[in-house]
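Please consult the sequence and the structure shown below while reading.

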Amino acid sequence: GEGRVAHSTLTANDNNSTDPTNPSALLKLLQNGHNLDLERYLSTPYNSSHIGDVFLYNEVNVSQSSGVQELSPDVSVLIPVHRGVDFASHSIASIIMQCVDELHQPLQETRGPQSSLLSMQIVIVDDRCVDGSIDVMIQSCKKLLASQPEILLMVFDHREGQAITLHQEHQQQQKRHHMQSTISVAIDIIASKSPGVAIALNTGLEHCRSELVARMDADDIAAPGRLVSQLKFMRGNSSANVVGTSAVIFSTKDDHDKNDCTILPYHSVAPSSNQCHIVRTSLSVIDPGFLSWTMLFTCTISHPTVMFRKSAIDEIRGYDESIKCAEDYDLWLRMLDKDCRSILCLPFVGVWHRKHKHNNSVTNSLAQKKEANEACYIAIKKILSSPDDETDESLDIEHIIALKDPATATSLDSINNAARLLLTLQLAFLRKNDMCLTEHEIKLIQNDCNARIGELATIAISKFGKDNTDHFKFNSREGPCYVWRLWSDRCPNEQFQRLSLLCHLSTTS
């Protein structure tokens with residue numbers, strides 16, 4: 001089981017010598033915190049109605065840490081905080097509300113541990129935060145849960161000089177409500193070891209007590225049902241190491257004459273006078289094999305939407321702390337190198353991702369792009385250097401950059417080389433993952449490859465055709481117009497698109 005859930009099947013020979021036919025023994029287990037796992041029982045097939053098992057799960061797993069017994073939560077939510085005092089309250093409220101929503105869901109008899117969220121740890125990592133964001137987050141939690149006695153809130157500040165238990169004024173109240181509390185939320189505030197997002201994330205991971213860790217940023221908003229949906233999926237799919245979701249990209253500014261912020265999730269618990277501007281919806285790639293292919297060109301999974309297995313991240317040594325701006329992209333590429341199906345996305349919006357002037361992608365856009373290109377280069381090099389392929393010592397990062405963003409190509413040769421690289425990469429990727437990809441995913445990869453060739457050909461003729469008309473005598477398979485001929489051969493049904501492009505260029509030349 002993951003985190004809190006510890007499944008067991010009772011037999012006459014188990015470690016406790018418990019006789020599953022003995023009602024007294026079963027009653028004792030139930031009194032000690034075990035519960036009947038009806039969801040698992042109902043989903044288990046049997047070839048006779050007279051044969052079955054007794055499935056139990058334990059409400060609480062206990063681990064020893066510094067001599068103190070601690071709950072092993074269903075999920076740990078990891079939030080690094082550098083700045084964002086204007087947004088932090090809404091962000092943390094959207095996480096706490098996941099528990100409140102779960103608490104008020106109609107209780108169903110068949111509801112089992114796979115679909116429940118009964119305990120949560122929130123790890124807030126102080127990454128040089130000086131604007132009061134963390135204080136705002138804690139106050140927001142206390143205010144939100146003041147009217148929710150069924151939820152037990154514990155806040156611990158582990159920073160130097162702050163090693164005290166917060167929320168102390170409610171300790172007596174918590175003791176009175178402890179027996180009726182059905183959901184527990186523990187917030188641990190940790191100081192990052194050194195500046196930087198990757199270091200903050202690794203520091204936070206060391207303090208995450210659950211095997212399942214959800215990422216969240218202090219300026220984003222979790223959509224209702226996000227955590228429960230991801231928990232249920234991860235508990236039911238042991239081969240998945242990372243699961244993300246789609247996201248809505250939005251911004252909030254005083255001068256936006258757009259939508260009122262009441263369209264945002266949980267707006268009532270974090271009201272804002274700003275206006276909301278929906279930029280776009282970032283739809284996720286739901287086929288894991290195809291997602292692995294697209295990741296070779298750009299990061300197609302949104303970091304704040306993911307939930308992952310802590311052990312899988314530890315296995316690849318966590319985030320690379322030498323990478324300052326593209327630490328998530330590098331992490332995913334290293335994970336996919338081990339297993340092309342280890343990352344996937346669920347087809348729903350799990351996060352509203354806020355864009356503002358302090359976003360890393362805005363303040364460090366050039367550095368982020370450079371690190372992303374370098375991560376791509378390493379990933380592609382590994383694929384082309386697999387045992388089934390000869391190592392391509394001539395691989396040039398400029399060819400990869402032209403393949404990722406054809407508009408940046410500086411010459412026709414660069415376009416042609418990018419096209420050749422794409423074909424080689426497609427063959428190598430399919431060969432490496434031959435036993436892992438479905439027929440549908442192979443078809444998606446082929447279609448994507450054709451679309452990229454079409455884009456390269458379009459850039460080639462629109463950017464370099466006017467000045468090099470002799471290069472586009474379309475009778476040479478390996479000549480200057482190689483990419484155009486390649487597009488024609490691979491996509492013969494797109495003649496109309498090619499004719500339209502040529503007509504447009506002839507009228508604008």
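## Salt bridges in the predicted model

Arg341 and Glu441 form a salt bridge in which the closest N and O atoms are 2.7 Å apart. A salt bridge is defined here as a side-chain nitrogen of Lys or Arg within 4 Å of a carboxyl oxygen of Asp or Glu. The pair links distant parts of the chain, 100 residues apart: Arg341 lies in the loop between helix 10 (327-338) and strand 17 (343-354), and Glu441 lies in helix 15 (residues 439-464). Helices (H or I, at least four residues) and strands (E, at least two) are DSSP runs, numbered from the N terminus.

The model is predicted: local features need pLDDT of at least 70, side-chain atom pairs count only at pLDDT 80 or more, and totals for chains, interfaces and linings use all residues. Residues are numbered from 1 along each chain as its sequence is written, and side-chain values use heavy atoms, with hydrogens and water left out.

Arg341 is partly exposed, with a relative accessible area of 27%, whereas Glu441 is buried at 1%. Buried means under 20% relative accessible area, exposed means over 50%, and partly exposed lies in between (1.4 Å probe, protein chains only).

A second salt bridge joins the side chains of Asp74 and Arg235 (2.9 Å, N to O). Asp74 is in the loop between strand 5 (68-71) and strand 6 (75-81) and Arg235 is in helix 7 (residues 226-236), so this pair ties together parts that are 161 residues apart in sequence.

Within helix 15, Arg452 forms a salt bridge with Asp448, and their closest N and O atoms are 2.7 Å apart. Because the two residues are four residues apart in helix 15, Arg452 and Asp448 are separated by about one helical turn.

| Residue | Relative accessible area | Class |
|---|---|---|
| Asp74 | 0% | buried |
| Arg235 | 11% | buried |
| Arg452 | 16% | buried |
| Asp448 | 16% | buried |

How many salt bridges does a search of the whole structure find? The search finds 14 salt bridges. Asp126, Asp157 and Arg159 are linked in a network of salt bridges.

## A buried serine

Ser251 is found in strand 13 (residues 242-253) and is buried, with a relative accessible area of 7%. Its C-alpha atom is separated by 6.4 Å from that of His356, although Ser251 and His356 are 105 residues apart along the chain.
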